[in-house]
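Visitor: I am new here. Please show me the structure, then let me ask about its parts.

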Amino acid sequence: MIINRLTLTNYRRFRRLDLELPENLIGIVGQNGTGKTTLVEAIGWALYGNKIRRSDKQDVRSQFAESKEACTVELEFILGGVSYRVARQLKGKNAIAEAAIYRAGNPEPEAVQESGVNDYVESLLALDYRSFFVSVFARQKDLAALSALSPEDRRKSISRLMNIDVIEKIRVQIRSDQRDKAAQQQGMQATLQDEKVLKERRKEIKNQIAEKKTALKDLEAQLKAAQEKLVGNRTKFDILSTLRDQHNHLTAQVDKWQHRLVDFENRCKQLDVEIKQIDEQQVELEKMQPMLQTYDQVKAEKERLDVSSRAYVELKAKQDERERATSQLVRLQAELETLQKSLTGVGGMEEQIATVDIKVETLEKEREQTRQKLTAAEAELKKIETIGKDLGQRKKNIENIGSDSPCPVCTRPLGEHYDDVVLHFETELNGLRAQYKTYDADKKKSAVRLDELRATIQEINKQRNELVRKQEQFTERSKQVDKAKQDVARWEKNLAELEEAIKSIGDVNYDEAGHKQVRVELEKLGTLREQAIKYQEHINRLPAVLHELQDNQTTVKELSADIDAHKKQLTELKFNPEEYDAVKNEMTTLQEDVDKHRELVEASNRTILGWEKDLEKIDADINRQKQLLADIQELQEEIVYLKTLDDHFGTFRRELTGRIRPLIAQRTSELLHLTTNGRYSLLELDDDYNIYLYDQSERFPLARFSGGEQDLANLCLRIAISQVVAERAGGRQINFIVLDEIFGSQDASRKELILNTLQKLSTQFRQIFVITHIDDIKDVMPVLISVASNGRDESVAVLR
């Protein structure tokens with residue numbers, strides 16, 4: 001597999017990128033955090049989609065891209081002589097994933113949608129995404145880490161790289177299943193019952209049912225006899241019940257009519273009394289007539305005196321009100337004159353207040369500008385303090401370590417550059433001290449000026465408040481003068497209206513004592529008149545009273561006749577209550593006997609039904625015991641099978657590990673022979689994956705060799721692991737590899753050795769990508785991709 005072209009749009013730090021990649025040793029150079037590894041990650045994302053992402057898929061899209069802009073990656077590669085193009089993108093606010101893969105320039109895709117393309121790529125490469133990355137991607141930390149790990153951790157790390165740890169995960173799952181089934185089996189055994197006990201209980205219940213059914217037949221015969229006796233007695237009871245109903249109906253009717261007869265007789269007595277009262281009232285009314293004839297004359301005189309009284313009261317009230325109005329008007333005129341005198345020489349404060357406001361506004365602007373200068377100076381002082389502390393600490397660290405301390409930029413030892421670096425830090429610190437003094441003087445000057453402005457503004461505001469107070473006092477008195485003028489005018493108008501009203505009333509002649517005497521006389525005549533009206537209304541009812549008395553007397557005669565007739569019918573009916581009660585009590589006794597026997601029959605049936613259900617439950621329990629025994633036996637067989645399977649997987653893991661370790665050592669030896677021109681041709685790995693290197697047919701631990709030779713051996717081992725992973729996964733030949741930061745802090749000679757090794761590896765890998773932040777290897781790279789930041793969140797990459 002050879003990568004031909006990589007095109008990115010809004011992918012992480014890259015807004016637009018189009019790289020055409022040749023077959024060669026390709027360096028990807030740039031500072032940390034600029035997005036070098038992102039380029040390799042984009043290749044993986046194009047092939048395997050969101051399976052390889054480091055974070056949420058929303059984070060794949062560039063931060064500077066709008067939600068409506070798509071994030072796209074296109075990858076062109078050659079596999080087995082056939083060209084392919086994969087296109088993936090995230091669209092819309094919800095980052096909807098779309099994907100397609102094309103073969104040999106065909107415009108119709110071979111597969112679409114994320115899952116379809118993922119399945120197609122895995123089938124095409126015969127590698128899942130994990131195997132693919134282990135095969136092509138190696139980091140510096142992977143190279144030296146194996147040697148530094150403990151033997152146990154080293155074996156685990158190799159197992160993870162080779163996917164052997166999957167076998168152990170399967171064994172863990174098998175043991176978990178085995179424990180679950182054992183617990184299930186134990187739970188089933190705890191629920192088992194004794195089948196012999198269940199069968200004995202079933203036999204016992206059957207005997208109880210037979211005995212209960214025999215007793216039930218006797219109860220049913222007794223119930224039938226009691227029901228027949230009850231039916232025979234019911235006919236006599238029904239006849240007596242009919243006679244009782246007729247007797248009760250006649251008795252109720254007689255009682256009702258007797259109550260009505262009493263009511264009508266009482267009403268006749270009341271009507272006789274009322275007729276006598278009417279006769280007496282007629283005599284009394286004739287005696288009242290002489291006095292009633294003077295009522296209208298007295299009423300007219302009283303109405304005349306009422307008019308005079310109202311006029312007299314109104315005249316008196318107006319005269320009193322005129323006196324009060326005159327007194328109030330004199331008082332208001334005096335107050336108005338006093339207020340007008342107090343306004344003399346006061347006013348004209350508006351212009352003075354406006355002048356003071358302009359002065360305050362000017363001072364406030366100056367105070368705000370001074371405050372901003374003070375804040376800016378304080379911020380600069382804090383910034384200088386932070387930078388100074390950092391520079392001072394870094395200088396102190398370098399001075400403590402000496403010339404062996406690492407360079408702050410490239411991390412290499414300073415050596416002869418030590419004095420220059422220390423002098424550089426001291427120069428920067430001196431410059432910061434000078435800046436600090438300047439900003440500190442500005443800060444103090446601004447603080448003093450702020451205090452002066454605060455005091456001046458405070459004094460001017462006091463003057464303004466005094467002017468405002470005087471202006472408000474003038475305004476308030478002016479309002480009081482206007483209100484006093486309005487009050488004087490209103491009372492003058494009121495006084496004139498009162499004079500006119502008194503004049504229109506004129507002189508009034510009113511006799512108060514005579515008015516009182518007439519009112520008393522009219523009140524007596526009014527009471528007498530009301531009594532006469534009541535008498536007359538009662539006298540007018542006399543014809544109606546006489547007619548009602550006649551009707552009631554007729555009704556009394558009719559009710560008496562009806563009562564006699566119904567009493568005769570009651571005598572002829574010959575109903576005996578004692579006989580009825582005796583028959584009713586006998587019916588109750590018979591019904592209770594029937595109910596008792598019926599309840600006994602129903603209780604027996606319920607008991608038999610309950611026992612039959614118990615039998616069904618016992619039969620179900622017996623069948624369930626048989627099924628439980630069968631299930632327990634089946635679980636036992638499964639437990640034995642899982643234990644055997646666990647043992648087989650353990651044996652398989654040990655055999656697989658034993659075969660893979662020599663294969664990795666062989667591949668590493670071949671690469672060492674190639675990269676060292678035959679100086680080292682044999683490398684061994686013991687059971688703990690410790691590395692042993694042969695030098696002139698003698699075996700030595702890897703620690704015996706130089707640092708560069710150790711790095712070379714670790715690099716060959718990591719590449720060999722990648723090759724074996726790809727071969728074990730059954731994948732097609734992957735002709736490129738990515739090496740991320742493999743130089744570390746190596747010196748120039750070691751870097752040169754590693755680069756020469758990579759050149760020789762080009763016979764094994766047609767494309768080798770080397771990711772590094774070390775800038776001075778650019779000149780030795782045949783092909784270079786330079787990655788740089790173009791702002792806080794955006795990067796660019798250029799092929800050179």
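Guide: First, a term: two strands pair if DSSP finds at least two bridges between them. Strands (E, at least two residues) and helices (H or I, at least four) are DSSP runs, numbered from the N terminus. This is a predicted model: local features need pLDDT of at least 70, side-chain atom pairs count only at pLDDT 80 or more, and totals for chains, interfaces and linings use all residues. Residues are numbered from 1 along each chain as its sequence is written.

Visitor: How many bridges join strand E10 to E11?
Guide: E10 covers residues 691–695 and runs antiparallel to E11. Tyr692 stands opposite Pro701 in E11. The number of bridges joining E10 to E11 is 4.

Visitor: Are helices H8 and H10 roughly parallel or antiparallel?
Guide: H8 (residues 295–342) and H10 (residues 418–505) pack with their axes 8 Å apart, at an angle of about 155 degrees. Axes are lines fitted to C-alpha atoms over the stretch in contact, and angles run from 0 to 180 degrees between N-to-C directions. Angles over 145 degrees count as roughly antiparallel, under 35 as roughly parallel, 65 to 115 as roughly perpendicular and the rest as oblique. Therefore H8 and H10 are roughly antiparallel.

Visitor: How far apart are the end C-alpha atoms of helix H9?
Guide: H9 has 52 residues, 350–401. The expected span is 1.5 Å times one less than the number of residues. That gives 76 Å, and the model agrees: the end C-alpha atoms are apart by 76 Å.

Note on methods. Heavy atoms only, no water.
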